[in-house]
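Please read the points beside the sequence and the structure.

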Amino acid sequence: MSRFRSVRTRLFVLGLFPLVALLAPLLARARPAEPPVLARIVTPVPFDPDATDLDARLRPPDGTHFLGTDDLGRDVLARLLHGARVSVAVGLAAATLAFLIGTLLGGAAGTFGPRADRTVLFVTGVVQAFPALVLVAAGAALVPPSAGTAALLIAFTGWPEVARLVRAEALRLSASPHVEAARAAGASRRRVLLVHILPGAVAPALATVPYVLGGAVLLEASLSFLGLGAPPPAASWGRALADARESLTSAWWCVAPPAAALFLLVLSARKLGEALSESR
Amino acid sequence: MARFLARRFLGSVGTLLGVLVAVFLLVSAAPGDPARLALVGHGPIGARSPEALAAFRTMHGLDRPLPVRLVSWLGAAARFDLGRSFRDGRPVTRRIAETLPATLVVNAVALLLAGLVAVPLGVRAAKRPGGAADRIAGLLLDALFSLPSFALGLLLLLLFSVKLRWTPVFSDLSLGFRGIALPALTLALVALAPIARVTRRAVGEALASPAALTGRARGEAPREETLRALRRAMPAFAGLGAALVPQLVAGSVLVERVFGLPGTGQLLADSVFSRDLPTVLGLTLVSGLAVVVATLVADAASALADPRIADGEEA
């Protein structure tokens with residue numbers, strides 16, 4: 001049991017998702033009618049994710065379409081595999097950006113004295129006063145929706161938690177002898193922050209990155225579900241679920257796969273975060 | 001105590017002002033002309049003429065300089081006047097007020113359901129760490145934290161409305177409890193996980209405290225012990241209440257979309273779609289206000305329940 005709880009195992013499980021995302025164009029794509037054997041092996045799902053087939057709408061799972069087809073006759077499995085690209089890309093971009101913003105602001109708050117601290121705390125309080133989804137949705141009303149703007153908006157709501165942790169650690173380090181020595185030796189404020197404080201202060205925040213990633217994936221899916229994420233025909237899991245709502249009474253197989261994929265991605269991110277914070 | 005409350009109140013007012021200005025700047029910083037955004041795609045073709053755009057700008061005060069608009073917007077917001085919808089020209093506050101009852105009823109039912117299940121579960125888990133209740137709670141929490149509310153709602157809809165036909169496919173308050181059972185159940189499941197987790201931790205800490213040990217030594221009945229531990233956990237519950245507000249707001253937006261419930265969450269999604277900026281802003285502001293007020297109330301409640309919290313900060 002303990003082996004399954006190790007950080008390495010959980011990192012491996014989470015890493016499967018970016019792997020699928022990277023390989024999706026190989027795993028699922030249109031192939032000619034009489035494909036060579038090699039193509040048949042490397043392309044297990046012979047459908048283009050965006051190719052519609054109106055004669056094959058809402059087919060239940062069978063030997064041809066392993067997970068059935070959706071309301072436009074697109075292969076559900078192909079769209080599921082390609083959907084990993086949207087979730088992983090937006091999730092990773094948003095989490096990275098949120099981590100950078102949070103680290104810089106939290107570090108500055110902890111290093112640059114009480115006035116900077118108060119300012120950052122105030123901004124954090126204002127950003128946290130909004131439910132993230134409401135803020136992201138309001139932003140989506142102002143700028144045209146795309147995967148990039150979704151990532152930016154999600155990052156903008158995700159940084160306060162990182163900033164809080166980095167700030168606490170930076171405040172502690174700021175009073176430590178090595179930082180005092182650096183200040184006495186005439187190091188500039190920026191040098192103190194970047195060289196002497198941040199390297200030591202990011203460690204506790206790093207353990208929250210999987211949680212931030214999980215939250216970002218959920219937000220992206222929610223945004224896509226509301227129709228405010230990457231525009232069609234992007235194969236996002238959230239949009240797949242919104243489409244599935246329309247054909248719910250006749251096609252249950254459109255609901256389960258994207259829901260399960262989202263669940264597994266977020267769960268493995270959370271499990272990694274748990275393992276990271278326990279291993280410290 | 002009074003000083004603590006006063007300082008927290010002032011802090012909330014500051015945050016609130018920040019929220020107001022942030023909301024206003026959010027719109028003003030947006031690229032594109034709001035009048036054009038609002039009129040294109042809606043209304044007759046004639047509505048896009050330069051005269052129509054100018055009339056629209058005058059009507060919504062978009063032709064004045066930014067600082068003037070900020071001040072007048074702040075003044076109006078203080079009087080609960082959030083402007084008029086770009087969509088149908090009716091006051092934003094009235095549109096919000098019309099949709100609010102459905103959302104509030106669903107959320108109240110959901111909180112009640114979640115509390116009735118999560119608090120006993122959390123208490124059981126805290127009394128016997130590693131026991132059956134603890135393990136069930138752990139699994140449940142992992143699952144509920146990872147499954148997005150709308151996916152959960154769709155699965156429930158599939159089961160109860162499509163397979164079993166117990167509930168309508170589109171929710172409606174006028175159908176009575178059956179009409180809102182599924183959205184309430186979904187939101188209850190969203191709230192269940194955090195409530196159970198906080199209960200388990202707070203009650204566990206209270207049970208481990210020297211005071212609880214004294215009680216046990218005195219021969220306190222288990223029931224009495226639990227009640228005492230719950231009372232000692234009050235500040236944690238107050239904080240939990242505040243933390244649940246943003247989750248329930250976001251949950252409502254998604255869940256109302258899933259079940260087609262005409263509530264405030266749907267209004268937000270629709271307004272974002274039709275670029276009805278005054279309504280989007282009004283709703284953003286209301287949700288921010290709800291969070292700030294909930295946090296303030298939670299701070300006051302936990303200080304009242306445990307005066308050491310207020311003293312600790314003043315010292």
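1. Which residues in H9(B) meet which residues in H10(B)? B:Ala212, B:Gly215 and B:Arg216 in H9(B) meet B:Glu225, B:Arg228 and B:Ala229 in H10(B), contact requiring C-beta atoms, placed from the backbone, within 7 Å. By class, this contact comprises two nonpolar, one polar and three charged residues; Ala, Val, Leu, Ile, Met, Phe, Trp, Tyr, Cys and Pro count as nonpolar, Asp, Glu, Lys and Arg as charged, and the others, Gly among them, as polar.

2. This is a predicted model, in which local features need pLDDT of at least 70 and side-chain atom pairs pLDDT 80 or more, while totals for chains, interfaces and linings use all residues. Residues are numbered from 1 along each chain as its sequence is written, with chains lettered from A and ligands numbered from 1 in the order in which they are written.

3. Chain B has 14 helices and zero strands, these being DSSP runs numbered from the N terminus (helices H or I, at least four residues; strands E, at least two). Its C-alpha atoms fill a box of roughly 85 × 60 × 30 Å along the principal axes.

4. Among contacts in chain B with a separation of 6 or more, 71% join residues 24 or more positions apart.

5. The contact between the chains takes 40 residues from chain B and 35 residues from chain A. On the side of chain B that touches chain A, 30 residues are nonpolar, seven polar and three charged.

Conventions: Two residues are in contact if their C-beta atoms, placed from the backbone, lie within 7 Å.
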